[in-house]
Amino acid sequence: MNCRIVTIPGDGIGPEIVREACKVLDRVSQIYGHSFHYKEVLMGGCSIDACGVPLTDEALETARQSDAVLLGAVGGAVGNSRWYDVAPNLRPEAGLLAIRKGLNLFANIRPAYLYKELSEACPLKKEIIGDGFDMVIMRELTGGLYFGERHTREIDGVLQATDTLTYNENEIRRIAIKAFNIAMKRRKHVISVDKANVLDSSRLWRKVVDEVAKDYPEIKLEHMLVDNCAMQLVMNPGQFDVILTENMFGDILSDEASMITGSIGMLSSASLNESKFGMYEPSHGSAPDIAGKDLANPIATILSAAMMLRYSFDLDKEADAIERAVGQVLTEGYRTVDIMSEGCIQAGTSRMGDLIAERIV
C-alpha cells in the first residue's frame, strides 16, 4: 500500500517524538511491504516564527490532500513565550483548532489502557486498579465552548469576558453514532458524560444520545454527570468502556485518564472526520522544558501511528505489530524517565524508538 502522510512535528518535543514514530512506521513498511511517503508542514509556534500565523492556508491544503496526518505537539510555555503576547487567534494552539475545523475532524478517540508492566507507575492504589482498565474516550472535537463566539469587553468600567457553548443536534448525533459503533466492537457499554443538571447544551446532548441509543439495543447506555465521572475515574476506572462527551469535558477527562495509565506520555489519540481520514497525535503537550534533551516519551506518538494504520489504512495486522512491540519493550523493563520505576532500564527518546522498531515482526 502507498500512503501519503503529512507530518507536523510542531514545537517543543514534537520533532523528537514524530521522528521516532516515523522510524517505527519505516520498520513496518520494510517488514510488510508498504510505502509511506512523508511531507512535513509547519504548525504552531514554529509556523508563527516562519510565516507569522500558526497555520497557513497552504499547510492546511497540503494536509487536506494527504491520506492522514501525524502530529507531534504545538505551543510553548504560556506566559514565558513571545507566542502568547498576541491575540488568541494568533497563538500556537489556534493552529490546532483551525486544522481540526478545516479538516472537519469532529470525532476524537483517546484510548486509556493500563499496561500491567506500568501498574507501579499508576498513582492509584492496587485495590482500585484491580485487574487494570481499558477504556476509550470519545470526545466531540469541533463544537462547544472552544469554538463558540467569545469576546472581552469593558462594561461600566469593568472588564467582562464571555465564552459561548453551543451544540446542535446534528453535531451531537454524529459523535454519538461514532461512539456506539466503537462500543459494538468492544464491551458494548457507553457512558455519556454531561452536566444536564445545569446546562441546556447538556440537556440537548442527553436527549439526542438517548435517541441514537434506540438504534443500538445491544449496548448498555448510562448517563453520568461530569463531576461524578471525574471522581469515578480515580475511584473505579475499570467500570468504563466507552466514554462519550463534549469538547471541553473530553479535554479534561482524557488528561485525567492519561495520568492513571502511569503517564500522559502513554496516551495516543485519533481525530476522524466522516471518511477514513484522520489526524493522529499524542494527548500530551509540547513539554518545552525537556525539548532537545532526549527525555521525552515517544510511546504515545508511536501508538498514535498504530491507530493511523488501523483507522485510516485498515492495516490492522501492522497496527497490532506496533502495539505488541510496545508491550514487549515494556515487559523487558525499558522505561523513559516519566514511567521509570525501580529495577527498570532507563531509555531516552531515540533509544525507545529503536527498541520498539527492532521488535516489530
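Buried means under 20% relative accessible area, exposed means over 50%, and partly exposed lies in between (1.4 Å probe, protein chains only). Keep that in mind for the whole tour. What you have open is a predicted model, where local features need pLDDT of at least 70, side-chain atom pairs count only at pLDDT 80 or more, and totals for chains, interfaces and linings use all residues. Residues are numbered from 1 along each chain as its sequence is written, and side-chain values use heavy atoms, with hydrogens and water left out.

**Stop 1: Glu281**

Select Glu281, in the loop between strand 12 and helix 10. (Helices are DSSP runs of H or I with at least four residues, strands are runs of E with at least two, and both are numbered from the N terminus.) Is Glu281 buried or exposed? Its relative accessible area is 6%, so Glu281 is buried. Now show what is around it. Contact means heavy atoms within 4.5 Å. Skipping neighbours within four places in sequence, Glu281 is in contact with Leu71, Leu96, Arg100, Ser268, Ser269, Ser271 and Ser304.

**Stop 2: Met279**

Next, go to Met279, which sits in strand 12 (residues 278-280). Met279 is buried too, with a relative accessible area of 0%. Not counting residues up to four places away in sequence, Met279 touches Val69, Leu71, Leu96, Ile99, Arg100, Leu105, Ser269, Ala270 and Ser271.

**Stop 3**

Back in the loop between strand 12 and helix 10 (299-311), pick His284. At 11% relative accessibility, His284 counts as buried. Its contacts, leaving aside neighbours within four places in sequence, are Ile13, Ile17, Ile264, Gly265, Asn297, Ala300 and Thr301.

Asp294 is in the loop between strand 12 and helix 10 as well. Asp294 is partly exposed, with a relative accessible area of 35%. Check its backbone: phi of Asp294 is near 60 degrees, a positive value in a residue other than glycine.

For another case, select Lys188, in the loop between helix 6 (169-184) and strand 8. Lys188 is not a glycine, but has a positive phi of about 60 degrees. At 28% relative accessibility, Lys188 counts as partly exposed.

**Stop 4**

Two packed helices are described by the angle between their axes and the distance between the axes. Here the axes are lines fitted to C-alpha atoms, for helices over the stretch in contact, and angles run from 0 to 180 degrees between N-to-C directions.

Select helix 1 and helix 10: their axes come within 8 Å and cross at roughly 45 degrees. That makes helix 1 oblique to helix 10. (Under 35 degrees counts as roughly parallel, over 145 as roughly antiparallel, 65 to 115 as roughly perpendicular, and the rest as oblique.) Show the contact: Ile17, Val18, Glu20, Ala21, Val24, Leu25 and Val28 come from helix 1, and Thr301, Ile302, Ala305, Met308 and Leu309 from helix 10. Those residues divide into 10 nonpolar, 1 polar and 1 charged. (Ala, Val, Leu, Ile, Met, Phe, Trp, Tyr, Cys and Pro count as nonpolar, Asp, Glu, Lys and Arg as charged, and the others, Gly among them, as polar.)

The axes of helix 1 (residues 14-32) and helix 12 come within 9 Å and cross at roughly 15 degrees. How do helix 1 and helix 12 lie to each other, roughly parallel or roughly antiparallel? They are roughly parallel. Helix 1 brings Glu16, Glu20, Lys23, Val24 and Arg27 to the contact, while helix 12 brings Thr349, Ser350, Gly353, Asp354, Ile356, Ala357 and Glu358. By class, the contact of helix 1 with helix 12 has 3 nonpolar, 3 polar and 6 charged residues.

**Stop 5: two helices with a buried side**

In helix 3 (residues 57-64), colour the buried residues: Ala59, Leu60 and Ala63. Seen down the axis of helix 3, they fall within an arc of 100 degrees, so they line one face of the helix. (The arc is that of the directions from the helix axis to the C-beta atoms.) They pack against strand 1 (2-10), strand 3 (68-73) and helix 4 (92-102). On the other side of helix 3, Asp57 and Glu58 are exposed.

Finish at helix 8 (residues 226-235), where Val226, Cys229, Gln232 and Leu233 are buried. These cover an arc of only 110 degrees around the axis, which puts them on the same side of helix 8. Their cover includes strand 5 (134-140), strand 9 (220-225) and helix 9 (247-260).
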